[in-house]
Amino acid sequence: MSPVDTTPTPYLAELSAADLRGRLDEALAIYVEAMGYPRGTEFHRAPMWTEHTGRPGWRGVAAFAPDSDGNPSMVGIAYGYRGAPHQWWYQQVREGMRRSGAETGAIETVLGDYFELTELHVSPRAQGHGTGGALLRLLLTDRPEARVLLSTPEVPHEDNRAWRLYRRLGFTDVVRHFRFTGDSRPFAVLGRPLPLRDQPPR
Ligand SMILES: CC(C)(COP(=O)(O)OP(=O)(O)OC[C@H]1O[C@@H](n2cnc3c(N)ncnc32)[C@H](O)[C@@H]1OP(=O)(O)O)[C@@H](O)C(=O)NCCC(=O)NCCS
């Protein structure tokens with residue numbers, strides 16, 4: 001007999017900016033654990049995530065599952081906002097595209113009307129059940145932008161859950177092996193047109 005998976009199925013909820021600010025510690029704990037960052041990283045990130053909640057077009061979603069006392073505990077978080085030319089990330093990606101040889105028209109098309117998927121994290125204990133994909137689909141539902149862009153660390157052979165999820169959902173390369181100012185790790189910038197509705201459910 002195969003083992004029965006007793007993990008409770010998380011439910012998804014839209015977060016207001018105030019909701020996220022009120023549950024920032026919980027959300028940042030997921031981020032630090034999922035990314036394998038050293039403890040303390042959350043203190044640097046808290047002001048940035050708080051500032052992001054005030055950006056035009058900000059939207060956040062979360063996944064919850066009951067903890068051992070039956071109270072809802074956050075197990076996944078995703079948010080993003082509308083990209084704009086004055087933003088640091090926009091300028092970095094524009095420079096990355098320029099350096100990789102993209103023509104001005106192509107850069108304008110890609111960066112002209114996009115939603116930046118800024119954060120997507122699922123607690124390691126809740127991964128592998130489709131929660132990350134469900135969060136991403138909910139976050140992108142009815143977005144007015146023409147496309148979604150994101151950056152993710154490069155990993156050998158694109159072999160991690162994030163890469164598999166993005167490829168499964170039809171994300172393609174915008175810039176590869178890009179180094180953002182102040183970070184020595186190579187990143188990929190990926191994107192795809194919106195809406196997502198032409199994609200299969202997983
Ligand atoms: C990337 C991340 C958010 C994905 O979340 P997730 O819930 O683990 O991923 P998915 O929604 O893709 O889960 C689907 C996986 O579960 C499996 N699965 C099991 N049951 C499933 C179901 N009912 N529906 C869909 N998938 C299911 C799929 O086969 C898939 O397996 P795979 O990852 O080996 O391809 C998560 O792994 C994470 O937080 N990673 C660390 C942080 C990170 O890299 N974040 C992104 C930075 S840009």
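**Figure 1. His-177 is an exposed residue, with a relative accessible area of 53%.** Exposed means over 50% relative accessible area, buried under 20%, and partly exposed in between (1.4 Å probe, protein chains only). His-177 sits in strand E6. Its phi is near 50°, a positive value in a residue other than glycine. Most residues other than glycine have a negative phi. Helices (H or I, at least four residues) and strands (E, at least two) are DSSP runs, numbered from the N terminus. This is a predicted model: local features need pLDDT of at least 70, side-chain atom pairs count only at pLDDT 80 or more, and totals for chains, interfaces and linings use all residues. Residues are numbered from 1 along each chain as its sequence is written, and side-chain values use heavy atoms, with hydrogens and water left out.

**Figure 2. Asp-142 has a positive phi in a loop.** The loop runs between H6 and E5. Phi of Asp-142 is near 60°, and the residue is not glycine. Is Asp-142 buried or exposed? Asp-142 counts as exposed, at 74% relative accessibility.

**Figure 3. A cis peptide bond joins Leu-194 to Pro-195.** Omega of this bond is near 5°. Pro-195 belongs to the segment after E7. Most peptide bonds are trans.

**Figure 4. His-52 is a buried residue of helix H3.** Helix H3 covers residues 41–52. The relative accessible area of His-52 is 7%. Which residues does His-52 touch, not counting those up to four places away in sequence? They are Trp-58, Tyr-79, Tyr-81 and Thr-118. Contact here means heavy atoms within 4.5 Å.

Figure 5. H5 spans residues 104–111, and its buried residues are Ile-107, Val-110 and Leu-111.

Figure 6. Trp-163, Leu-165 and Tyr-166 are the buried residues of H7 (residues 161–168).

**Figure 7. The whole protein gives the setting for the close-ups.** The secondary structure comes to 7 helices and 7 strands. Along the sequence, the pattern is β-α-α-α-β-β-α-α-β-α-β-α-β-β. The radius of gyration is 17 Å, close to the 17 Å that the globule rule gives for 202 residues, so the protein is as compact as a globular protein of that length. That radius is taken over C-alpha atoms, and the rule is 2.2 Å times the number of residues to the power 0.38. The C-alpha trace spans about 55 × 40 × 35 Å along its principal axes. Of the 202 residues, 43% count as buried. Among contacts with a separation of 6 or more, 67% come from residues 24 or more positions apart.
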